[in-house]
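This report describes the fold of one protein chain and two of its local packing arrangements.

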Amino acid sequence: MPDPSSSLKKDDLSSSRPRVRFAPSPTGFLHVGSARTFIFNWLYARRNEGTMVLRLDDTDVERNTDASVNSIFEGLKWLGLGWDEEYKQSERLALHQKTAWAIFEKGLAYRDFTPAHTGDAEKSGAQGTWLFNPGMRELSREESDRRAAAGEPFALRFRVPRETGEEVRFADAVYGEQRKAAADIEDFALLRSDGMPTYHLASCADDADLRITHIIRGQDHLTNTFKHVLIFEAAGATAPKFAHLPLLVAPDGTKLSKRRHGPVVSVTTYRDAGFLPEAFINFLCLLGWSPKNDREQLSVTELQELFSLEGINRANAVVNFKEPATTPEETFDPKAVWLNAEHIRALPVEELSARLSPIVREAGLGVDAGQMLRITPLIRERIKLLRDVLTAADFFFVDQLGPYDPAELIPQKGDAAMAKKVLEKARVVLAGVEFKHDPLDQALRGAAAELGIKAGQMFQPIRVAVCGRKNAPPLFETLEVLGREKTLARVEQAVGKVA
RNA sequence: GGCGCUAUCGUCUAGGGGUUAGGACGGAAGAUUCUCAAUCUUCAAACCCGGGUUCGAUUCCCGGUAGCGCUACCA
């Protein structure tokens, strides 16, 4: 509904465009749940011609690490979606403090001189709930100022309006109308005793300042949102719209954690295992969101067109990986693997080939672009992860085949003598035939007829001789790509094995 | 403990007061085929429990149960 009649509308238009943000705290690698949050934000921004902000929520200096920052950027870079603006909270401390003290000046926060809780002894449990500290809350402004002036350390706490019996409320785009009695919200901290802002304060101050219009984040923040609404209000800012995402959990139902569940929760693990970023994005989008049209395999462009907050559901989603990691393929959620295979098949050969080449080279094997381009169509339907190229096409990359069991050379319903006969015949036939699909087909079928055996019995010994195993791409295409020289050398070797 | 959120096949999900409860992955069987894949066909597989509302609840309401989240001077 653009209005062509007036260019004056331009401002209104741009101000109505959403601004969303992804705000990871650099305390660990980028995990799949964070990646999904990023993707949903990005999709929402793109879908609605909005702005995607990346903000590092790094106010916890104790726990932040450069390694984590790197891991986050590495993961995001692999996803390849990008963002429009970038900020670091640690560079915005002045804003946070200003906001906190403005709230204090309004009487909506107070100094708490109680020493910080030592350790985190009581965090896991069912102990008594701390809601507020009457002594500190009721301290007169004069005494509070005096003690502060005397250098006594304090945290700044929000004075939650508990007496009036009021409710804090907000509308969540996913979970609907939310309300909570203010009396059930504790007097949370705004500033720590070292003057550093807490997450709640910094996050809200920044969201307001960066004019974020929609906060799309994990459901673990749903109950925190009541606090945030209070902060926005106290700071005189309009609260953004909220959309909370159901959490991604492990098969055992618990939150994904590297400690418990290993590397499967890290985005870079998927990259290194040979996932296509677009397949990974596709997979993540199907966790907690649905296009509601029975479609599963979606490109990033399609996702962008289809994405909406209404399609997000409310129940946690299980990332169905296997706990005791076996082969890579078995480790990951089967649906992720299947989607990856689908995306691989959907890729043009040139494109797939170009993505495969570096993997082969990194494994120390030799291929040139032309060769890879000819191999790719033969394995495209046989690989699920990019790295599978190494096992699916191994025999193309080496000069000498590794050792294999000579018994494999024996055809179905045949014996060693038949294998020998076949290979000797093949040696002769292959020396004289043009190495193209049709001539090979004719020559080899003809040879089988001459020997009075089935075509399959002819093909298998040759396949094993050339590939080193029974399961391989179709024979004629394989021979064509491999070439006469290597083929004959390998058949020769095989003859030696059955002799 | 308090507060909050959630509950459809093993998993991801669609649906919604009356349906043979739909799709996908995975599983099983078959077709095809030079092996393996891919492809196609078929099959098995679900509305947490108890009340209410209603002519009729899987769907709406309440309760229970279970799971998850928050309850830090972490984010």
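## Chain A: contacts, dimensions and packing

Of the contacts in chain A with a separation of 6 or more, 75% are between residues 24 or more positions apart; a contact requires C-beta atoms, placed from the backbone, within 7 Å. This is a predicted model, in which local features need pLDDT of at least 70, side-chain atom pairs count only at pLDDT 80 or more, and totals for chains, interfaces and linings use all residues. Residues are numbered from 1 along each chain as its sequence is written, while chains are lettered from A and ligands numbered from 1 in the order in which they are written.

The radius of gyration (over C-alpha atoms) is set against a globule rule of 2.2 Å times the number of residues to the power 0.38.

| Property | Value |
|---|---|
| Radius of gyration, chain A | 32 Å |
| C-alpha trace span along principal axes, chain A | about 105 × 65 × 35 Å |

Chain A has 23 helices and 12 strands, taken as DSSP runs (H or I, at least four residues; E, at least two) and numbered from the N terminus.

Helices H21 (residues 455-467) and H23 (residues 484-498) pack with axes 8 Å apart at about 105°. They are therefore roughly perpendicular (65 to 115 degrees). Pro461, Ile462, Ala465 and Val466 of H21 meet Thr487, Arg490, Val491 and Ala494 of H23.

Strand E9 (residues 214-218) runs parallel to E10, joined by 5 bridges. Ile215 is opposite Phe242 in E10. Because 4 of the 5 residues of E10 (residues 241-245) are buried, the strand is largely enclosed by the rest of the structure; buried means 20 or more other C-beta atoms within 10 Å of the residue's own.

Notes
Two residues are in contact if their C-beta atoms, placed from the backbone, lie within 7 Å. Axes are lines fitted to C-alpha atoms, for helices over the stretch in contact, and angles run from 0 to 180 degrees between N-to-C directions. Angles under 35 degrees count as roughly parallel, over 145 as roughly antiparallel, 65 to 115 as roughly perpendicular and the rest as oblique. A residue is buried if 20 or more other C-beta atoms lie within 10 Å of its own, exposed if 12 or fewer, and partly exposed in between; C-beta atoms are placed from the backbone. Two strands pair if DSSP finds at least two bridges between them.
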